Amino acid sequence: MNGSDRPAPPEDWRPTRRRLRGTFLAAAAPVIACLAALCGLTAWAAAGAAGTPPRIEIGAARVFLPYADKENTAAFFQISNRGGADDELVSVTSPAVDRAMLSRHDSTGTGADTMAMTGPVTVPAGGTVAMSPFGLDVMVRVRARWQVGEGVPFVLHFRRSGPVEVVAFVVRPGS
C-alpha cells in the first residue's frame, strides 16, 4: 500500500474558527474552575480559616481529698485547646483509681443539686473548659487513702488529639 492508496480525508476536516473556538471553550472551562478553586483554597488557608489540628494543654489539675472514709471524690482539670479545630474529651482513666467518669452537677434552684454522668465534652478551638465542683468534673472511686499534696496520675482521652497524661495534686475540698 503506498501513500496514494489511502482514502482521502473528508472535505470538512480542516479546522474552522468555530471549531477552534468550541474546542478552546471546552478545554478552558475545567482549567478556569480548577484555578478558581485553587485560588479560593489558598486565600482560605492564608487567612487561617483552614484551621490547625487541636492542640490540647492541661492545667490546674487537682483532685479532692476524700473525707469521712468515703471512696468517691472528684477531680478537676483546666483544658485549653490552642489549635484551630474543636476536640472532645471522651474519657478519663487513672491507674490510681477504680473508676473515673465524667459527670456534671446542676443546680435545681431549690437548694438541691443534681449530678449525672455525661458523655463527651467539647473543647472548642481556641477555648478552655474549666472543670469545677459546680459544673463539670471527673467522679473517681479511690483505691487507697491519699494525703494532701500527693500526685495522682490521670490520662485524659481526646477524640482527635489522643491521650494526654497529667498529674493531679490532692487538695482539701474548698481550697
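Here is a friendly chat about a few features of this predicted model.

Biologist: Let's start with F77 and F154. Why is this pair called edge-to-face?

Modeller: A pair of aromatic rings is described by the distance of the centres and the angle of the planes. Two rings pair if their centres lie within 6.5 Å, and planes over 60 degrees apart count as edge-to-face. The ring centres of F77 and F154 are 5.4 Å apart and their planes meet at 75°, so the pair is edge-to-face. The count by this rule comes to 2 aromatic pairs.

Biologist: What makes the F77 and F154 pair a tie between parts apart in sequence?

Modeller: F77 sits in strand β2, while F154 belongs to strand β9 (residues 151–158), so the pair ties together parts that are 77 residues apart in sequence. Both F77 and F154 are buried, too.

Biologist: S94 touches F154 as well. How do you know whether S94 is buried or exposed?

Modeller: Buried means under 20% relative accessible area. S94 has a relative accessibility of 11%, so S94 counts as buried. You can find S94 in the loop between β3 (87–93) and β4 (97–107).

Biologist: Which residues does S94 touch, leaving out those up to four places away in sequence?

Modeller: They are V152, P153 and F154.

Biologist: Now to A60. Why is A60 called exposed?

Modeller: The word is used for residues over 50% relative accessible area. A60 has 52%, so A60 is exposed. A60 lies in strand β1 (residues 56–64). Its phi is near 50°, a positive value in a residue other than glycine.

Biologist: Let's finish with the largest pocket. What is its volume, and which residues are closest to its centre?

Modeller: The volume is about 280 Å³. Of the 13 residues that line this pocket, F64, Y67, N72, T73 and A74 are the closest to its centre.

Biologist: Which strand gives the largest share of the lining of the largest pocket?

Modeller: That is β2, with 4 residues. Both β2 (72–81) and β8 (136–142) supply at least two lining residues each.

Biologist: How many residues of each class does the lining of the largest pocket have?

Modeller: There are 7 nonpolar, 4 polar and 2 charged residues in the lining of the largest pocket.

Note on methods: Residues numbered from 1 in each chain as written. Predicted model: local features only at pLDDT ≥ 70, side-chain atom pairs only at ≥ 80, totals over all residues. Heavy atoms only, no water. 1 Å grid on protein atoms, 1.4 Å probe; cavity = no way out; pocket = protein on both sides within 12 Å on 5 of 7 lines; lining within 4 Å. Points joined across faces, edges and corners; volume = space filled by probe spheres on them. Nonpolar A, V, L, I, M, F, W, Y, C, P; charged D, E, K, R; others polar. Buried < 20%, exposed > 50% of the residue type's maximum accessible area, 1.4 Å probe, protein only. Phe/Tyr/Trp six-rings, centres within 6.5 Å; stacked < 30°, edge-to-face > 60°. Contact = heavy atoms within 4.5 Å.
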